[in-house]
Amino acid sequence: MALTITCPICGKRNGYEFRYGGEEKGPRPDEKDLTPESWCDYVHMNKCVAGVQQEWWFHRDGCGSWFTIFRDTTTNLEKETPEAKE
Amino acid sequence: MMNRFNHLPTLKIDTSEKIPFTFKGKQYYGTKGDTVATALYANGVRIYARSLKYHRPRGFYSMDGECSNTMMEINGVPNVRTETTWLKPGMVIKEQNVKGSAENDLMGFIDKMDWAMPAGFYYDTMHKPAKIWPVAMKQIRKAAGIGKLSPDHHMPGKYDEIFPTCDVCVIGGGPAGMTAALAAAQKGLRVILMEARPWLGGQFDYRTAEYANRQTCHERAVQLAKEVEKTDNIRVFTHTANIGAYNNNLITGFQIGTEKDSFTERYIELRAKSVVVATGCIERPLLFENNERPGVMQAGCALRLANTYGLLPGKTGVFSIGHDLGLEAAVALHDLGMTIPMIADIREDGQDPVLLKAVMDRKIILLKGWVATEAHGRKQVKKVTLKSLDGTAEKTFDCDVLVASAGFTPLTGPLVVNQAKLKYDAHTNFFLPTDLPKKMHAAGRLLGYENGLSIEASGHLAGLKAAYDCENCSIADLGEAKKAMESKPGPARGTKLVMAPVKGRKTFICFDEDTSIKNVKQSIDKGFDVPELIKRFSGAGLGPGQAGIPGHNLPLFTAKYQALPDIKIRPTTVRPPLVPTLIATYAGTNHTMLKRTPIDDLQRKDGGIFRNIGVWQRARYFSKDFTSRKEIENVRNNVGMLDGSTLGKFRIHGPDALNALQRVYVSDLSKIKEGRVKYTAMCNDDGCVIDDGVVIKLGENDYYFSTSTGRAGQTVEWIRYHTRYENWDFSLVNLTDAMGVINLSGPNARKVLEKVVDIDVSNDAFGFSEYKEFKVADTIPVKAMRLGFVGELSYELHVPSSYMKALWLILKEAGKEFKIKNFGVEAQNVLRMEKCHVILGQESEQRTNLLDIGLGFLWSRKKTGYKTVGVAALTQAEKDNSRLKLVGFKMENNGRAPRDGALIVDDRVRGHVCTARDSFSLNEAVGMALVEGDMSKVGTRLAFYEDECNGELIYGTVVETPFYDPAGQRMKM
Amino acid sequence: MKDIKRYSPVEFKVTPLKIETRDHWDVVMEYHNEGDGPWLVDLSHRTRLDLQTGNLDAKKPFGITIPATPGQSVLENGLLINRMNGIQSSIYHLAGDAIEMPGETEYTEITEASVFLAIMGESVFAICEKLSALDFMDKNRETPFLYQGPFSHVPCQIVTLSREAEKSGVVLTCSRGYAKVMVDAILHAGEEFGLKPAGEKRVTDWISSL
């Protein structure tokens with residue numbers, strides 16, 4: 001309830017306006033040379049850091065943008081202003 | 001009825017206005033401004049309740065609801081804190097937890113049985129032998145808890161909610177809080193000031209001692225309050241308890257309404273840029289034998305009874321105190337007519353000389369280094385024994401009031417629940433907040449300041465710090481305020497005495513849970529040696545007073561009893577709500593926000609029985625026959641109309657529209673032609689099917705597509721998520737609510753449609769799987785598709801929502817001669833099941849992939865280079881034979897259908913039923929099930945296990961699908 | 001065939017005093033006993049457009065320049081244009097002659113997708129704070145400005161047009177299906193302030209006063 005997320009479009013808002021989109025892992029791997037293992041790693045394996053991580057959020061109740069923020073998973077506080085990404 | 005003062009400047013009552021109320025069935029009168037508790041006090045009530053465990057008499061002790069002593073049932077609502085509840089005309093007030101009355105409680109004998117009930121006695125005794133427990137449990141349940149609530153209790157009153165906005169929130173409207181609010185407001189910020197009491201002023205409000213320059217504390221409070229009230233950018237919420245403080249300064253509370261307000265209580269939630277906590281102090285209970293006997297009360301309580309409510313607490317009052325407020329109260333009450341035989345002050349020195357002189361002038365005996373050790377009197381205080389701290393000298397006095405207080409306890413709740421730490425401070429004897437969260441500041445008496453000027457200076461500084469957080473205050477201003485602060489007296493020295501020199505069998509550290517010092521010792525002796533454990537084992541601090549009484553004494557006593565060199569033990573963790581809060585208040589206005597389709601009212605008029613389905617309300621049946629037989633038969637034989645407006649509908653356009661669709665849909669959409677309907681599906685990255693729908697090409701890189709009802713809300717999010725690295729230029733417009741959908745199905749569907757449209761809708765002109773745009777009655781624009789979800793000739797008509805009613809009525813009129821009827825969601829469910837068309841979420845679950853439910857034909861394996869979501873996993877799963885498969889089955893011996901969700905078993909669980917019904921179209925029970933691969937062959941016998949079937953299985957056989965019209969001629973006719 | 005009517009998702013339980021028929025809509029211009037404000041007006045019949053393209057800055061809908069920053073709005077000739085994000089704007093037709101749908105494919109008509117309401121009067125923001133945590137009084141925002149966020153727990157677009165005493169007012173849209181519950185929620189929240197349904201004329205007068 002207390003979480004806030006800073007949307008690059010709408011600014012700082014209550015966390016319940018957003019949906020979580022997972023850790024930032026980079027673009028989808030190329031289909032060529034893709035093994036089941038490497039695919040599974042990309043989809044399911046997470047770093048789960050206790051500390052600051054870059055992660056995706058969607059402003060579901062707002063402007064409808066996907067963007068990343070840096071959040072400290074131990075305090076549930078944001079660390080830096082996010083980069084805008086439509 | 002007691003005489004009440006009406007001449008004091010501090011009074012909050014108006015004795016000219018009487019308020020009638022009922023107590024224990026009899027009519028009484030209070031005075032305007034009374035709380036329920038003070039009105040009862042004025043009417044001579046001293047015993048307000050009986051305690052939870054020992055049924056000890058309990059009375060007025062503190063004043064802000066720190067314990068359950070004065071909780072009563074009011075107008076049918078149990079556990080109302082009468083100390084903080086306004087008296088209203090006609091209130092019906094009852095005592096709680098008594099057999100008989102609080103005055104004469106038949107359960108009173110329990111108090112003498114305490115030897116049989118040591119701390120945690122039921123953990124120890126009630127489980128051996130095991131047979132005892134069910135019996136004992138019933139008895140304990142009966143005895144446990146206070147107040148009664150019927151299961152069908154309806155909460156009276158109006159509950160509301162408000163989300164006010166501000167820059168700075170100040171919690172606490174005493175001198176520090178008001179000064180802080182003024183400081184921040186003067187910097188141009190929007191300030192919200194929350195005060196738990198019905199008025200501003202805090203501890204200054206009821207005190208007539210000098211503040212400075214011959215101004216009394218009360219006068220100063222009035223002056224500050226006036227200033228606050230005339231400052232436009234300070235918004236004051238009085239009678240508003242703070243109940244929580246969270247990350248990023250989310251502050252919650254609730255306000256109690258006055259007669260003028262439109263609410264009984266309202267929940268408040270706000271987000272401040274910066275917060276000042278100036279919640280002040282409560283008093284620290286003094287521990288001695290029978291320290292909670294009615295007549296024993298804290299100094300502030302006694303003083304406020306007189307100064308705020310015009311009630312002299314008693315005729316003769318003995319004081320056992322450890323702070324200057326105690327001396328001040330003694331002087332004030334003496335002057336109002338109370339006889340004071342003696343003041344025992346715990347402190348040997350350090351008293352305020354002005355107060356000492358006032359005491360001496362009045363010839364009141366003051367013994368330093370003395371303390372009360374026992375209150376006497378069976379139901380009320382009649383006598384008190386006092387001793388010197390070393391226990392050598394002793395005195396007794398008759399009295400009807402014993403004012404007892406060990407000192408102060410800071411109210412650090414809002415800081416602590418927002419992750420501040422507490423550290424013991426030997427000078428103040430406080431647990432002081434350290435490591436404050438960012439942009440949260442503490443001010444005033446809770447830091448140990450007692451001097452009025454210091455309190456205000458600390459408030460001013462905190463207000464400026466908050467302004468600085470909002471970038472509205474310079475460092476220079478801050479420095480100046482800090483200097484001003486340092487020039488004032490520092491925190492006052494606190495008394496350290498925890499307990500009078502007594503054994504503690506009837507010395508209560510927690511009133512709510514009846515925890516005595518003896519119980520705490522028992523807990524420690526059993527190895528529960530830190531406050532958090534003692535709390536759970538003995539119950540101390542678990543009651544509705546939220547540890548207001550034991551909060552400070554428990555860690556101090558624990559350290560002392562174990563002879564720990566310093567106070568290393570931290571107090572127990574405080575959690576929200578900081579003040580007991582009604583569930584009704586949290587619920588607030590409690591709107592249920594559900595969507596309605598454009599013809600919601602028409603369907604209700606036609607007898608639709610509605611159900612909440614996802615975010616929508618939908619007509620599930622059109623008769624009380626929940627098999628929907630008539631609706632089903634009418635679609636099979638004539639023609640029916642279904643409101644399908646809840647389907648997700650979208651337009652996607654822009655240069656990369658096709659790329660985006662290719663990314664999320666498993667089919668190759670580059671091949672679809674204008675005028676055709678393409679049925680396809682979306683998978684997730686595990687190949688599990690999440691959505692199906694149709695795609696229509698409107699033009700180059702311009703498509704209209706539908707999704708299932710449940711997925712409509714996530715579709716934009718899903719497509720944007722899976723393209724978020726691509727920098728593609730495409731636009732998505734959610735038209736779900738813009739278009740109503742009518743599903744016109746049945747052998748007569750064409751006959752109905754051709755009556756109202758301006759184009760040729762013959763099978764040749766508008767064939768199966770085709771798309772047309774046309775107008776109805778030359779006006780209503782329709783997007784029409786020929787689909788066959790229910791297995792009959794069927795048109796899906798998409799129409800602008802505002803025209804939906806008109807079109808529905810036109811079709812109804814046109815269809816009259818063809819026996820057109822509504823059909824609901826359940827009828828559709830059965831119709832499509834007979835045709836073995838899947839509904840995702842019903843025929844699939846989280847782990848079901850596209851291939852499992854036989855939709856593999858939708859996947860275009862030749863489509864590469866689009867990184868289509870799910871394809872990597874599908875390629876892998878294709879070789880996997882161990883997965884569940886969707887099969888159709890019929891029941892043996894004309895048996896009934898198993899329930900949806902029934903398990904398919906042999907010696908273990910082998911699958912489950914997705915949908916099964918007694919089919920009227922087929923005259924037998926059929927269904928679809930997900931089963932393990934080796935059971936999917938036609939002819940396999942399936943055994944169904946239903947909940948509570950007592951081992952009686954029913955049986956069916958896997959058969960070919962679909963059940964109805966296997967050749968698929970009816971939907972193409 | 002009898003005259004075909006278009007229906008708004010909003011139905012106020014008060015008696016209309018004056019009705020105007022416009023493009024198959026029965027538009028209530030005025031109701032009986034509208035009171036002295038605040039007012040709630042149904043504008044669902046008013047045209048709304050979605051303009052979405054990667055090249056938004058090149059667009060000049062109806063000759064009006066789209067605000068550069070998301071969250072900013074512009075009101076010109078009865079047209080309100082709200083910048084939603086990098087690629088998207090919503091266009092509300094509030095007053096004046098009916099607008100023609102532009103020919104370019106980047107426009108989508110979304111009139112039917114939402115319920116469109118105006119709340120006007122001095123106590124508008126006292127009503128709003130009972131329904132939303134959004135900060136309508138934020139000094140850093142200049143009217144007209146757009147909020148995209150929850151209002152009565154439903155995602156909405158809310159444009160604050162004025163914060164000036166009795167001229168104060170907002171217009172808001174949310175999914176059309178929520179119309180009934182949204183109107184109920186607003187009327188309930190506004191009850192203590194005397195909020196009453198009003199006809200379109202109030203909005204037209206208000207817009208021309210801004």
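**Ground rules**

I took helices (H or I, at least four residues) and strands (E, at least two) as DSSP runs, numbered from the N terminus. The model is a predicted one, so I kept in mind that local features need pLDDT of at least 70, that side-chain atom pairs count only at pLDDT 80 or more, and that totals for chains, interfaces and linings use all residues. Residues are numbered from 1 along each chain as its sequence is written, chains are lettered from A and ligands numbered from 1 in the order in which they are written, and side-chain values use heavy atoms, with hydrogens and water left out.

**Entry 1: chain B**

I began with chain B and found 23 helices and 51 strands. Its radius of gyration is 38 Å, well over the 30 Å that the globule rule gives for 973 residues, so chain B is more spread out than a compact globule. (I took the radius over C-alpha atoms; the rule is 2.2 Å times the number of residues to the power 0.38.) The C-alpha box along the principal axes is roughly 115 × 70 × 55 Å.

I then looked at burial, where buried means under 20% relative accessible area, exposed over 50% and partly exposed in between, with a 1.4 Å probe and protein chains only. Of the 973 residues in chain B, 61% are buried. For contacts (heavy atoms within 4.5 Å), I took pairs at least 6 apart in the sequence of chain B, and 65% of them join residues at least 24 apart.

**Entry 2: one glycine in chain B**

Is B:Gly459 buried or exposed? B:Gly459 is buried, with a relative accessible area of 0%. I found this glycine in helix 10, which covers residues 452-469 of chain B. Setting aside neighbours within four places in sequence, B:Gly459 is in contact with B:Ala176, B:Thr179, B:Ala180 and B:Ala443. I also checked B:Ala777: from B:Gly459 it is 318 residues away in sequence and 74 Å away in space, C-alpha to C-alpha.

**Entry 3: chain C**

Next I turned to chain C, which has three helices and 13 strands. A compact globule of 210 residues would have a radius of gyration near 17 Å, and the 16 Å of chain C agrees with that. Its C-alpha trace spans about 55 × 45 × 30 Å along the principal axes. I noted that 59% of the 210 residues in chain C are buried. Among contacts in chain C with a separation of 6 or more, 62% are between residues 24 or more positions apart.

The size of an interface is often given as the accessible area lost when the parts come together. I used buried area in that sense: the accessible area (1.4 Å probe) that two parts lose on being put together, summed over both.

How much area is buried between chain B and chain C? I noted about 3,500 Å², with carbon and sulfur atoms giving 56% of it. B:Phe163, B:Met593 and B:Ser802 supply 18% of what chain B buries against chain C, more than any other three residues. The contact brings together 43 residues of chain B and 44 residues of chain C.
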